[in-house]
Amino acid sequence: MNISNTIGREKLQGHLALLFANTAWGLMAPISKSLLNMGIISPLALSGVRIMGGALLFWLVSTLVPNNVIAKEKVEKGDFIKIFFAGLLVIAANQILVVQGMSYTSPVDAAVVCSTTPIFTLVLATLILRDRLTSFRLGGVALGFAAVVVFSLWGEPDVAMNVTNPVLGNTFCIIAQMCGATYLVLFGKLISKYSPFTMMKWMMLMSAVVIMPFTLGDIMKIDWTSFPVEGMLELAYIVVLGSCLCYLMIPFAQRRLKPTVIAMYNYLQPVVATLVSVIIGMAVLDAVKVGSALLIFLAVWMVSKER
């Protein structure tokens with residue numbers, strides 16, 4: 001009975017961790033868009049602050065948290081170059097492209113398009129790793145691509161909400177997901193070799209070093225004295241929650257729940273982003289947008305389904 005209670009309590013903790021992380025990540029889209037709309041910080045500067053701030057926080061946590069809470073793994077010398085290129089794909093390129101895309105499109109579009117990673121992962125795994133593609137999954141890929149095209153091209157610019165070029169913004173977000181999918185396909189063995197925390201702290205650090213020369217100029221142009229309190233809180237949210245704390249929730253949940261359960265929580269992110277964006281008037285939905293978004297979610301489920 002005690003063992004059963006313990007298992008039940010640990011599963012609940014895992015679900016709560018995933019609920020927290022994916023809800024927080026879902027809020028990232030409207031919060032990032034709100035911050036960019038202030039015109040105080042550029043997309044490039046926001047990316048730089050997020051990555052460099054995230055790297056600093058990860059290494060502070062690594063230094064201060066006891067080993068029995070987060071194990072300190074030793075990385076083999078030969079793996080550092082792999083981690084470097086992995087970081088370029090999933091952190092430097094991915095996050096810069098997403099933030100850049102967010103500056104042109106709506107938070108709803110960005111959140112929905114960013115949920116397509118499993119589709120691109122399956123396609124690349126089939127092409128590169130020669131994984132078998134079932135007819136069911138192939139149908140999901142075809143449906144997903146068709147839905148993404150409709151979703152990305154539908155709608156007009158909304159200058160009032162600073163949605164100046166949704167097609168370009170959605171394209172940036174799609175390329176970002178391709179970078180993330182490439183990371184998953186090419187570095188699968190490396191990902192399974194080390195804990196998510198070890199991977200993230202090294203990838204964050206290396207990405208911060210790489211993007212610093214390109215973002216430091218924009219960061220130096222920020223007038224921090226005129227930065228509103230609301231903007232500071234939004235920036236803190238993006239760095240502390242979106243770039244550090246949420247990532248700590250995932251390995252915590254991985255020890256308590258099955259990978260399929262963890263993957264299903266990803267659907268929560270675009271739902272949260274959409275609801276919040278519509279409620280605060282940052283986005284307007286129509287039947288075509290809603291329909292194509294639902295088809296994208298269906299396609300992601302199809303390609304993620306084991307058959």
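Modeller: Start with E76, which is partly exposed, with a relative accessible area of 47%. Buried means under 20% relative accessible area, exposed over 50%, and partly exposed in between (1.4 Å probe, protein chains only). This is a predicted model, where local features need pLDDT of at least 70, side-chain atom pairs count only at pLDDT 80 or more, and totals for chains, interfaces and linings use all residues. Residues are numbered from 1 along each chain as its sequence is written, and side-chain values use heavy atoms, with hydrogens and water left out.

Biologist: With which residue does E76 form a salt bridge?

Modeller: A salt bridge is a side-chain nitrogen of Lys or Arg within 4 Å of a carboxyl oxygen of Asp or Glu. Here the closest N and O atoms are 3.1 Å apart, and the partner of E76 is K193.

Biologist: How many residues apart are K193 and E76?

Modeller: The pair links distant parts of the chain. K193 is in helix α8 (residues 188–193), while E76 is in the loop between α2 (43–64) and α3 (80–102). Helices are DSSP runs (H or I, at least four residues; strands are E, at least two), numbered from the N terminus. The separation of K193 and E76 is 117 residues.

Biologist: Is D79 buried or exposed?

Modeller: The relative accessible area of D79 is 5%. The cut-off for burial is under 20%. Therefore D79 is buried.

Biologist: Where do the buried residues of α6 fall, seen down the axis of the helix?

Modeller: The buried residues of α6 are R137, G140, V141, G144, A147, V148, F151 and S152. They fall within an arc of 145 degrees, taken from the helix axis to the C-beta atoms. So they line one face of the helix.

Biologist: Which helices are included in what covers the buried residues of α6?

Modeller: On the other side of α6, S135 and L153 are exposed. The buried residues have cover, and that cover includes α4 (107–113), α5 (117–128), α7 (166–186) and α13 (287–304).

Biologist: Which backbone oxygen does the side chain of R137 reach?

Modeller: R137 lies in helix α6 (residues 135–153). R137 is buried, at 15% relative accessible area. At 3.2 Å, its side chain reaches the backbone oxygen of V303.

Biologist: Which residues have the most contacts inside the largest nonpolar core?

Modeller: A nonpolar core is a set of buried Ala, Val, Leu, Ile, Met, Phe, Trp, Tyr and Cys residues joined through side-chain atoms within 4.5 Å. The largest has 88 residues. Those with the most contacts inside it are I41, L46, I83 and M203.

Biologist: With which residues is T215 in contact, leaving aside its neighbours within four places in sequence?

Modeller: T215 sits in helix α9 (residues 196–220). T215 is buried, with a relative accessible area of 0%. Contact means heavy atoms within 4.5 Å. Leaving those neighbours aside, T215 is in contact with L44, G48 and M52.

Terms used: Polar contact = N/O pair within 3.5 Å; in protein donor to acceptor, adjacent residues only side chain to side chain.
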